[in-house]
Amino acid sequence: MNSFHPPQRVLMGPGPSDVYPRVLEALGRPTIGHLDPDFVGLMNDIKSLLQYALQTDNALTLPISAPGSAGMEACFANLVESGDEVVICQNGVFGGRMKENVERCGATAIMVQDDWGRAVTPDKLRQALQDNPNATLVAFVHAETSTGARSDAATLCEIAREFDCMTIVDGVTSVGGIELALDKWGIDAFYSGTQKCLSCIPGLSPVSFSERAVARIQGRETPVQSWFLDMKLILGYWGEGQTRAYHHTAPVNSMYALHEALLILREEGLEKAWKRHALHHEALKAGLEAMGMSLVVPVEERLPQLNAVSIPEGVDDASTRSALLQQFGLEIGAGLGALAGKVWRIGLMGCSANRRNVILCLSALESVLSASGASIAKGAALEAASGVFND
Ligand SMILES: *Cc1c(COP(=O)(O)O)cnc(C)c1O
């Protein structure tokens, strides 16, 4: 056995995205103790950088030491108790996981379904809340990575508030890629991930809880059934003021990486990062359409950072993606669930949203599709994409 040296890849799937070299460099710095005074200082900095990234003043804002799915579980395990009724708006894969979480907490999930590839319909949520007056929580995915659809989080939270419900929002793919404002929108519990638009390594899940959510957690009748994800215990480690008590060993080097990624986001500025994702999405879309391909999600509901494109008639899904990987080192994503075999998911997340990646993706796709005899328009994609950049 030899050391593992990963091949050079360009990551344009649903995550992980390309990681900033600065982040990888930070990861390799010497490990210090997780209760070292200098590490505690780093934790404070991470918290304030996260508050900026999420646009919140929530004191309970921190990275869970595990991937996005653990952040999801932390939100549900802490806010949901046996017997609760939770309305879940589902428009893709991740809403299904929310249902699993709610049911494993011994609560009832009231599902509000929308088509895969579409945003959540606010009126359906309003109707469900009218029909289920005992519901106390509403959960939905802001950026559905499984389809590329963006839901109107501000409106959905407003409706939830009208019915005195708290909100749990999945923003794993939102942070850094599209507008996000926890406090302005009144989100009560929020979880995200590091490996999508933050271009950090996978394995951490920034979460944030409003004061209302913290009060609900403090007022629980039963203990949170997960010891590791119990926010009351985690607060003893991450909380302000008090001496930090050992809860678990933080992934020290991963925290260096997250700190660096958040610093890069702040240096660029949120608005600029959102605009950069939008611009590269426009260029990719122009190129794909010039080839004769089409995006699945209607224009006004599209996520710039995740582009679901219909696989052209007669083209083989798996062998195309495998040719892109072998010939160009380029990773794009397969369709999930209802969209499996029908779409590719092309990510433009974090530092993957750059001009070189867009041009590489378009030319590699054109090359591989032409070689397989697919009926696509040749020679038009790069000009269309360049037209957007040069506008
Ligand atoms: C990726 C993703 C998750 C899960 O995150 P992991 O880090 O893979 O556990 C959850 N929700 C959405 C919307 C995602 O895109």
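A polar contact is taken here as a pair of N or O atoms within 3.5 Å. In this predicted model, an N or O atom in the side chain of lysine 196 lies 2.7 Å from an oxygen atom of the ligand, so the pair falls within that cut-off. The side chain of glutamine 195 also places a polar atom 2.8 Å from a ligand oxygen. At glycine 68 a polar atom of the backbone is involved, at 2.8 Å from an oxygen atom of the ligand. The ligand taken alone exposes 380 Å², of which the protein buries 88%.

The shell around the ligand includes Gln195 and Lys196 as well as Pro67, Gly68 and Ser69.

The largest pocket was examined separately. The space in the largest pocket amounts to about 430 Å³. Its lining consists of 15 residues, and those nearest the centre of the pocket are Arg9, Leu11, Asp18, Val19 and Leu24. Strand 1 (10-12) and helix 1 (21-27) are the elements that contribute two or more residues to this lining. Of the lining residues, 10 are nonpolar, two are polar and three are charged. Domain 1 (20-267) and domain 2 (270-389) each supply at least three residues to the lining of the largest pocket.

Conventions
Residues numbered from 1 in each chain as written. Predicted model: local features only at pLDDT ≥ 70, side-chain atom pairs only at ≥ 80, totals over all residues. Heavy atoms only, no water. Near = heavy atom within 4 Å. Polar contact = N/O pair within 3.5 Å; in protein donor to acceptor, adjacent residues only side chain to side chain. Areas by Shrake-Rupley, 256 points an atom, 1.4 Å probe, with all protein chains shown as cover. 1 Å grid on protein atoms, 1.4 Å probe; cavity = no way out; pocket = protein on both sides within 12 Å on 5 of 7 lines; lining within 4 Å. Points joined across faces, edges and corners; volume = space filled by probe spheres on them. Helix = DSSP H or I, 4+ residues; strand = E, 2+ residues; numbered from the N terminus. Nonpolar A, V, L, I, M, F, W, Y, C, P; charged D, E, K, R; others polar. Domains from an automatic or database assignment.
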